[in-house]
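My notes follow in the order I took them.

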Amino acid sequence: MNLPKITITGPDGSGKSTVTQALMVEFKKKYGDGSIDCANIWDSMIMTGAFQKDSVIRYLGSLDGTARTLFLFHAMKHSIDLALKKSPQLLLIDSHFYKYGVSELAYGTPWNIIQGAAVGFDSPSLTFFLEVDAEVSLKRKSEVSQYESGQAGQNQSEKFVKFQKSMTTYWSKMEKEFGPWIHVSSHNPVEKIVSQILTEIEKSGVCASMQSS
């Protein structure tokens, strides 16, 4: 049986990392510390020591859409590969290439570039999409990056909302190609979101082969 992979994706500020880490805690309680791992796009950069986050953000702003997409997808794929080397029973994927592909579509990168870059990824067993309003996302963030704001030089908060709203159509396009996904409202408390996701995972049977500790 293939290793179960579960993706938590959604717009910037939807709570992907928070929910993913909360799920990690719950799975470790049930199945033990070595049972689960998580892949985040930054893992490959941090673990190799090759890139600093601020430098990456600046670097992204200097690339065209094709080069930026290949860089981001490479980092995401490498992070997944690093996590798989730890031989977990289950892998959680924070954002996956979906989030970065949608951002690139909003930047005007052609769809065929996104499709081509996505070929090297396995399909997750389940994908959960965290729904959120752009205005709510903005309130949750202590700061917004230029990448999340359409490379806005000034008024990033205002541009963040506008750019995030422009991504809505592309999220639908991404799900049509790589879905269906299970939609979860991220306006609810984290505990409720995690409980809903755990219920859906149990119903799916994707973790049936895992042994409780």
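**Entry 1: before anything else**

I am working on a predicted model, and I keep that in mind for everything below.

**Entry 2: the largest pocket**

I began with the pockets. The largest pocket comes out at a volume of about 730 Å³. I found 30 residues lining the largest pocket, and Asp12, Trp42, Lys53, Lys141 and Glu148 are those that lie nearest its centre.

Which helix gives the most to this lining? I checked, and H3 does, with five residues. Helix H3 covers 53-62, and helix H1 (16-31) and helix H5 (96-107) also supply at least two residues each. By residue type, I noted eleven nonpolar, nine polar and ten charged residues in the lining of the largest pocket.

**Entry 3: a salt bridge at that pocket**

I then looked up how open each partner is. Lys141 has a relative accessible area of 24%, so I put it down as partly exposed. Glu148 has 12%, which is under the 20% limit, so it is buried.

**Entry 4: the second largest pocket**

The second largest pocket has a volume of about 270 Å³. Its lining holds 18 residues, with Pro11, Phe129, Val132, Thr168 and Trp171 nearest the centre. Strand S4 (126-131) supplies at least two of the lining residues, and so do helix H7 (134-140), helix H8 (156-166) and helix H9 (168-178). H9 gives the most, with four residues. I sorted this lining into seven nonpolar, five polar and six charged residues.

**Entry 5: rings**

Next I turned to the aromatic side chains. How many aromatic pairs are there? My count is 14 aromatic pairs. I picked out Phe73 and Phe97: their ring centres are 5.3 Å apart, and with 40° between the planes the pair is tilted. Phe73 belongs to helix H4 (residues 65-84) and Phe97 to helix H5, so this pair ties together parts that are 24 residues apart in sequence. Are these two residues buried or exposed? Both Phe73 and Phe97 are buried.

Phe129 and Trp171 were already in my notes, as residues nearest the centre of the second largest pocket.

**Entry 6: charges over rings**

I found the charged end of Arg68 over the ring of Tyr107, 4.6 Å from the ring centre. Lys173 lies over the face of Trp111, and there the distance to the ring centre is 4.8 Å.

Searching the whole structure gave me nine salt bridges. Side chains of opposite charge can pair when their charged atoms come close.

- Lys29 and Glu26 meet at 3.5 Å, N to O. Both lie in helix H1, three residues apart, about one turn of the helix. Lys29 counts as exposed at 60% relative accessibility, and Glu26 as partly exposed at 32%.
- Lys203 and Glu200 meet at 3.7 Å, N to O. They are three residues apart in helix H10 (residues 190-204), so about one helical turn separates them. Lys203 is exposed at 61% relative accessibility, while Glu200 is partly exposed at 23%.

Notes: Residues numbered from 1 in each chain as written. Predicted model: local features only at pLDDT ≥ 70, side-chain atom pairs only at ≥ 80, totals over all residues. Heavy atoms only, no water. 1 Å grid on protein atoms, 1.4 Å probe; cavity = no way out; pocket = protein on both sides within 12 Å on 5 of 7 lines; lining within 4 Å. Points joined across faces, edges and corners; volume = space filled by probe spheres on them. Nonpolar A, V, L, I, M, F, W, Y, C, P; charged D, E, K, R; others polar. Phe/Tyr/Trp six-rings, centres within 6.5 Å; stacked < 30°, edge-to-face > 60°. Buried < 20%, exposed > 50% of the residue type's maximum accessible area, 1.4 Å probe, protein only. Lys NZ or Arg CZ within 6 Å of the ring centre and 35° of its normal. Salt bridge = Lys/Arg side-chain N within 4 Å of Asp/Glu carboxyl O.
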